[in-house]
Amino acid sequence: MLFFIPCVTFCQTPKAIEADLVKSFKRIDYWYGKQGDTTSDILMVSDSLAKANDVFGRKLQHYTSTYPFTINQKFPGFANTDLTIEGSSDGQFRIYSWDTYMGGTMHDFANVIQYKSGQKTNSILDTASGENEKYIYSYADLYNMSANNHVYYLAPYYGIFSGKDRGEGIRIFLIENGKLIDAKLIKTTSGLRSKVYYDYNSFSVTKNIKDADIHYDPALKTISLPVVVGDGKVTNKRIVYKFNGQYFEKSAN
């Protein structure tokens with residue numbers, strides 16, 4: 001349901017687009033705040049929160065696919081909100097992520113993935129609504145790497161499944177023939193993959209653990225992640241994949 005259509009004719013400037021998006025995003029915060037209100041109808045609040053997320057996601061997808069300038073727009077109005085905006089340094093790719101607040105201890109995220117195709121921009125609304133019931137991760141950073149006569153985009157992502165259960169990974173994208181595809185650049189024992197991922201128990205991350213996160217080093221062109229042992233325990237050992245000119249290959253320890 002495109003509730004925002006009447007506004008489209010008027011919301012064409014960067015300032016107007018941002019104002020409309022910020023106003024819509026605040027509805028998510030409003031209904032999230034109502035979840036703890038014992039005087040409110042629980043089902044009504046839940047439905048309203050879902051609707052607020054749907055409206056914001058569709059608005060964001062519409063604006064970012066209709067107005068190419070949005071891929072480089074700063075959006076200062078979101079500076080103190082829970083919307084994260086990660087953009088590539090070449091200005092060709094951007095990911096907007098937010099917590100829908102609909103998952104309890106399991107955090108449900110949503111994304112709008114925006115990329116340039118010639119002089120236009122395309123956007124993908126990545127949510128768990130409708131027929132798509134897979135878990136949606138949040139993206140934490142974005143890098144671009146030139147190789148093989150292509151520009152690849154490496155996006156670290158994470159999931160929060162409970163108070164202790166977490167997951168992190170990195171996904172590699174490629175814009176080819178105007179479409180966004182997964183680039184299978186990571187050589188694993190099961191073949192070339194576009195992702196590398198691990199689950200872990202966040203309670204195992206103590207002050208003795210130096211780093212529990214996945215990283216991409218653009219200078220060294222390496223992907224590193226921690227070794228996780230039984231029951232999701234994070235160790236100080238690291239697995240490193242280094243780009244050899246064609247793909248990322250596991251380095252010998």
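This is a predicted model: local features need pLDDT of at least 70, side-chain atom pairs count only at pLDDT 80 or more; totals for chains, interfaces and linings use all residues.
## Salt bridges: the count

The model holds five salt bridges. Side chains of opposite charge can pair when their charged atoms come close.

## Lys 59 and Asp 20

Lys 59 pairs with Asp 20 in a salt bridge. Their closest N and O atoms are 2.9 Å apart.

Asp 20 has 11%. For a reference distance, take Asp 20 and Ile 95: they are 75 residues apart in sequence and 19 Å apart in space, C-alpha to C-alpha.

## Asp 54 and Arg 58

This salt bridge joins the side chains of Asp 54 and Arg 58, at 3.0 Å from N to O.

Asp 54 is partly exposed, at 23% relative accessibility. Arg 58 is partly exposed as well, at 30%.

## Asp 182 and Arg 171

Asp 182 and Arg 171 form a salt bridge through their side chains, with an N to O distance of 2.7 Å.

Asp 182 is partly exposed, with a relative accessible area of 34%. Arg 171 is buried, at 18%.

## How H2 meets H3

The H2 and H3 axes come within 8 Å of each other. They cross at roughly 160°. Angles over 145 degrees count as roughly antiparallel, and H2 and H3 therefore fall in that class. The crossing of H2 past H3 is left-handed.

Which residues make the contact? From H2 they include Ile 17, Asp 20, Leu 21, Phe 25, Ile 28 and Trp 31. From H3 they include Met 44, Val 45, Leu 49, Val 55, Phe 56, Lys 59 and Leu 60. By class, the contact of H2 with H3 has 14 nonpolar, three polar and three charged residues. Asp 20 and Lys 59 are among the contact residues, and these two also form a salt bridge.

Most residues other than glycine have a negative phi. Which residues have a positive phi here? Phe 75 is one of them, with phi near 55°. Phe 75 lies in the loop between H3 and strand E1, residues 84-87. Its relative accessibility is 3%, so Phe 75 counts as buried.

Lys 221 is another, with a positive phi of about 55° although it is not a glycine. Lys 221 is in the loop between strand E13, residues 215-217, and strand E14, residues 222-229. Lys 221 is partly exposed, with a relative accessible area of 29%.

Notes. Residues are numbered from 1 along each chain as its sequence is written. Side-chain values use heavy atoms; hydrogens and water are left out. A salt bridge is a side-chain nitrogen of Lys or Arg within 4 Å of a carboxyl oxygen of Asp or Glu. Buried means under 20% relative accessible area, exposed over 50%, partly exposed in between (1.4 Å probe, protein chains only). Axes are lines fitted to C-alpha atoms, for helices over the stretch in contact, and angles run from 0 to 180 degrees between N-to-C directions. Helices (H or I, at least four residues) and strands (E, at least two) are DSSP runs, numbered from the N terminus. Angles under 35 degrees count as roughly parallel, over 145 as roughly antiparallel, 65 to 115 as roughly perpendicular and the rest as oblique. A crossing is left-handed if the near helix is turned anticlockwise from the far one by less than a right angle, and right-handed if clockwise. Contact means heavy atoms within 4.5 Å. Ala, Val, Leu, Ile, Met, Phe, Trp, Tyr, Cys and Pro count as nonpolar, Asp, Glu, Lys and Arg as charged, and the others, Gly among them, as polar.
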